[in-house]
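Here is a short briefing for a first look. Read the points with the model open beside you.

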Amino acid sequence: QQLRVGLIGAGRMGADHALRIRERISGARLAVVADPDLDRAQQVAGSCGARGTAEAHEVIDDSTVDAVVIASPGSVHEPLLLAAIERGLPVLCEKPLTPDAKSSLRVVEAEEARGKHLVQVGFMRRFDAEFAELKRLLDVGDLGAPLMLHCVHRNASTPPGFTSEMMIYDSVVHEFDTARWLLGSEIEAVTVRAPRSSSGSPEGLLDPQLVTFETSSGALVDVEIFVNCGFGYQVRCEAVGERGTALVGADGGPLVHRSGGWGGTISDDFRDRFGDAFDREFQRWADAAHQGRTDPNAASTWDGYAAAAACEAGVQAQSTGTRAEVDLRERPDFYAL
Ligand code: ISE
């Protein structure tokens with residue numbers, strides 16, 4: 001039997017996920033799509049044989065919905081997550097879980113009180129083939145104990161209104177999750193430095209920035225976040241262990257020679273670069289939801305909370321110019337590794 005999915009948010013990510021479910025995910029179909037812009041909801045719903053509504057909570061209250069995808073802005077996630085948890089619905093929630101650590105903790109506590117793992121957070125890199133291989137190498141110990149991660153995260157350009165703080169909680173949030181997942185340890189402190197801003201970046205944006213974080217395992221992570229690099233979308237991570245190193249996100253793909261030059265192509269968008277990862281994330285989520293559980297590789301509610309707490313330290317480090325410690329509650333047994 002098909003998993004009947006309710007989609008909340010029919011914007012850029014929501015529309016992409018609707019297409020994914022229609023075209024590439026087996027065992028699931030869209031039943032209802034909600035967006036405050038009813039036309040947009042109906043358009044996306046119509047293309048999938050679903051119904052559209054302007055009311056997000058209708059999706060959660062709909063008794064024909066088996067599972068929910070939340071792809072609306074982070075600022076509206078909390079009440080939706082709490083309602084879905086109360087109804088016992090499996091949820092795939094796009095990052096961020098919620099915009100700040102306090103509200104994320106409320107979601108953690110609600111899920112813990114419900115006594116069932118229901119929510120996955122959409123940190124899609126965990127499902128990228130190369131990142132998964134890097135995790136495997138680290139887990140089996142082939143590189144020796146990890147000491148450092150050198151990360152590069154570049155976007156071609158930013159939408160209007162993108163701020164220096166968003167570079168931490170919208171962009172570097174991925175590295176917070178990736179580092180926690182790869183290293184199996186929490187982020188303890190964050191510092192942020194910046195060179196002079198690029199003349200290609202909007203006025204007033206600190207772009208690029210160099211963000212470093214310390215982990216509970218004693219590793220150090222550095223991230224170059226550069227969101228108006230102008231030429232494309234790049235995500236790289238080099239792990240340095242006691243006995244070896246491994247790099248993911250280096251340019252691969254076909255090397256093309258043609259009149260006037262040689263080289264490869266570069267994605268300009270994360271939906272393209274991580275398209276396979278999103279597909280895998282959705283398929284595993286749907287398969288797990290059928291069995292009434294979440295995928296163990298996916299980011300849990302706890303992971304969403306820990307990333308939010310690290311972002312808060314990051315934003316503080318950015319505004320004060322000093323090292324900021326992450327304020328994190330002790331990990332409950334319910335979310336034991
Ligand atoms: C965006 O929200 C994402 O999640 C992308 O992966 C990231 O590269 C980008 O910087 C964010 O704005």
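Contact means that the C-beta atoms of two residues, placed from the backbone, lie within 7 Å. The model is predicted, so local features need pLDDT of at least 70, side-chain atom pairs count only at pLDDT 80 or more, and totals for chains, interfaces and linings use all residues. Residues are numbered from 1 along each chain as its sequence is written.

- Helices (H or I, at least four residues) and strands (E, at least two) are DSSP runs, numbered from the N terminus.
- Domain 1 takes in 3–125 + 276–299, and domain 2 takes in 128–269 + 306–335. These bounds come from an automatic or database domain assignment.
- The centres of domain 1 and domain 2, taken over C-alpha atoms, are 25 Å apart.

**UniProt records**

- An unreviewed UniProt entry annotates residues 3–123 as "domain: Gfo/Idh/MocA-like oxidoreductase N-terminal". UniProt positions follow the numbering used here, feature names are shortened, and annotations may be inferred rather than shown by experiment.
- Residues 3–123 are 43% helix and 21% strand, with end C-alpha atoms 22 Å apart.
- The feature "domain: GFO/IDH/MocA-like oxidoreductase" is placed by UniProt (unreviewed entry) at residues 131–246.
- Residues 131–246 are 26% helix and 34% strand, and their end C-alpha atoms lie 10 Å apart.

**The six-stranded sheet**

- Six strands form an open sheet with parallel pairing, in the order β3-β2-β1-β4-β5-β6. Two strands pair if DSSP finds at least two bridges between them.
- β3 (51–53) and β6 (119–121) are the edge strands, each with a single partner, so one side of each has no neighbour in the sheet.
- From one strand to the next, the twist averages 25 degrees. Axes are lines fitted to C-alpha atoms, for helices over the stretch in contact, and angles run from 0 to 180 degrees between N-to-C directions.
- β1 (residues 3–8) and β2 (residues 28–34) run parallel and are joined by six bridges. V5 has L30 of β2 as its bridge partner.
- Helix α1 (residues 12–23) packs on the sheet and touches β1, β2 and β4 (67–70). The direction of α1 makes about 155 degrees with that of β2.
- Helix α9 lies across β1, β2, β4, β5 (91–93) and β6, at about 125 degrees to β1.

**The ligand shell**

- N155, D170, S171, H174, V227 and F270 surround the ligand. A residue is near a molecule or strand if its C-beta atom, placed from the backbone, lies within 6 Å of it.
- Helix α7 (residues 164–183) gives the most to this shell, with three residues.
- The shell has two nonpolar, three polar and one charged residues.

**Cis peptide bonds**

- K95 and P96 are joined by a cis peptide bond, with omega about -5 degrees. P96 sits in the loop between β5 and α5.
- D207 and P208 are joined by a cis peptide bond, with omega about 5 degrees. P208 sits in the loop between β8 (187–193) and β9 (209–215).

Notes: Ala, Val, Leu, Ile, Met, Phe, Trp, Tyr, Cys and Pro count as nonpolar, Asp, Glu, Lys and Arg as charged, and the others, Gly among them, as polar.
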